[in-house]
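Please read the following briefing with the sequence and the model side by side.

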Amino acid sequence: MTMREKLELLEQRRAESELGGGAARVAAQHQKGKLSARERLDLLLDPGSFVETDRFVVHRSHDFGLEEQRIYGDGVVTGHGRIDGRLVYVFSQDFTVFGGSLSEAFAEKICKVMDLAVRNGAPVIGLNDSGGARIQEGVVSLGGYAEIFLRNTLASGVVPQISAILGPCAGGAVYSPAITDFIYMVRQTSYMFVTGPNVVKTVTHEDVTMEALGGADTHASTSGVAHFAFDGEPACLQAIRDLFRFIPSNNLADPPRGSGRDPRDRRDESLLDVVPDNANKPYDMHEVIRRIVDDGEFYEIHRDYAGNILCGFGHLGGYSVGIVANQPAVLAGVLDINASLKAARFIRFCDAFNIPIVTLEDVPGFLPGVAQEHGGIIKHGAKLLYAYCEATVPKLTVITRKAYGGAYDVMSSKHIRGDFNVAWPTAEIAVMGPKGAVEILFRKEIVESADPGAATDQKINEYREKFAHPYIAAGRGYLDDIIDPRDTRPRLIEALDTLQGKRDRNPPRKHGNLPL
């Protein structure tokens, strides 16, 4: 054969490799409201930037008639591309080929791009749409999953790992996304579970649909497994692109800078009216966040889960920051099991990838109750404390109102290496709220008084005047300053400027023992 004939054969095989499972199966994929593996990559990556690897890989199985069905790519499209010009490694599972089931060759393709990502300091994005292990390959397929799990674990904290669930993800397959940093799901077309509805019905006699058991809203709001839920794949893939405006490519790189268009010295008059005069009245902490970040833009993580704490990314004076904020509008902003887990994981991501942490604090304490205690609030609350203590990135804290009890300590206080700790004049920093404190300190006096109600109110007012303010903490140096709320943005940006050269490290060790 001449060179031209060989090139013609190459082009034929290239074209064949792009057909996936064929036009009929691609059409069936579209009828389910799902895109093909390659269409997804077209939306995710910068136009024309995708470079495919291993397009000619086929499986090596000879059992159950598989030797008659060898399809180029073997059910997963792998390679690298760009998002806003930045290198990312990708794999996109193709449900049109053997139901996207994982074979030995399929797993090797994924492992190759993961190894390249770690070696070259670039994020990994996995688009999951798979029927699970390829049963015909038996333990070889299971071994392939384990190879991927190992790489997920070793890459954790080294390069960002993002998972999009765009179809089924069941059984052992769910553990790869679970190890990654952020999980994106699509309503009605994606689901995750260890065992499906049929097995659940057999074992526990519970009737449940796939959507209710492991759909996007279930995992985004109830289990907390997923960080995002979207109505369609285009919105999901665009959100992944948007994430890269805030996070670096690896653990040795700095986060990307924002546009810097929003004036660094901008003050906001409306911040004077955000916190109600009545200390028991709720307000929306989103309003504070939007008023201080660049262009009012807050990329919220886990929006529908543990709403009593807010986590997400923003820019301040162009600096990328992770924001953790108590939310007084939900459960008065208390810390409970779910909120502790949500914030702890987010903080550890920020610390791993050099993203400063800004904490906005209004917390009355930890949620009391039998369910919380039996559920392990001590252990789970300790995870949040551990995450804050362990973090060596710049840590900035603004107390807007309540900072009571152990929750004051936990929320990035000066005592656990907070770098910049300030409070608004509305801050109340004490062991507990005025009512609880009075009922303990003056119980006998109140009971013996002629008018217990009036006596309680009097003692509460006295306690409030003496303790429910930020000046004792400031007098001890536990706060660096008490600031005008309107100056919050410029003061935070100024602090970030000074902390760019921060040097802090933990004692040498293999790793700590996080209270799991």
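In this predicted model, Cys169 is buried, because its relative accessible area of 3% falls under 20%. The structure holds 0 disulfides, and Cys169 is accordingly in no disulfide, the nearest cysteine sulfur, that of Cys236, being 13 Å away.

**Cysteines**
- The sulfur of Cys311 has its closest cysteine sulfur in Cys350 at 8.3 Å, which is too far for a bond, because a disulfide requires the two sulfur atoms to be within 2.5 Å.
- Cys311 is also buried, with a relative accessible area of 1%.

**Thr180 and its surroundings**
- Thr180 sits in the loop between helix 6 (175-179) and strand 7 (182-186), and with a relative accessibility of 4% this loop residue counts as buried.
- A polar atom of the Thr180 side chain lies 2.5 Å from the backbone oxygen of Pro177.
- When residues up to four places away in sequence are not counted, Thr180 touches Asn152, Gln161, Ser163 and Arg345.

**Positive phi angles outside glycine**
- His205, although not a glycine, has a positive phi of about 65 degrees; His205 is found in the loop between helix 7 (197-204) and helix 8 (210-214), where His205 is exposed, with a relative accessible area of 64%.
- Ala332, likewise a residue other than glycine, has a positive phi near 60 degrees; Ala332 belongs to the loop between strand 12 (319-326) and helix 12 (337-352), and at 42% relative accessibility Ala332 counts as partly exposed.

How values were computed:
Residues numbered from 1 in each chain as written. Predicted model: local features only at pLDDT ≥ 70, side-chain atom pairs only at ≥ 80, totals over all residues. Heavy atoms only, no water. Buried < 20%, exposed > 50% of the residue type's maximum accessible area, 1.4 Å probe, protein only. Helix = DSSP H or I, 4+ residues; strand = E, 2+ residues; numbered from the N terminus. Polar contact = N/O pair within 3.5 Å; in protein donor to acceptor, adjacent residues only side chain to side chain. Contact = heavy atoms within 4.5 Å.
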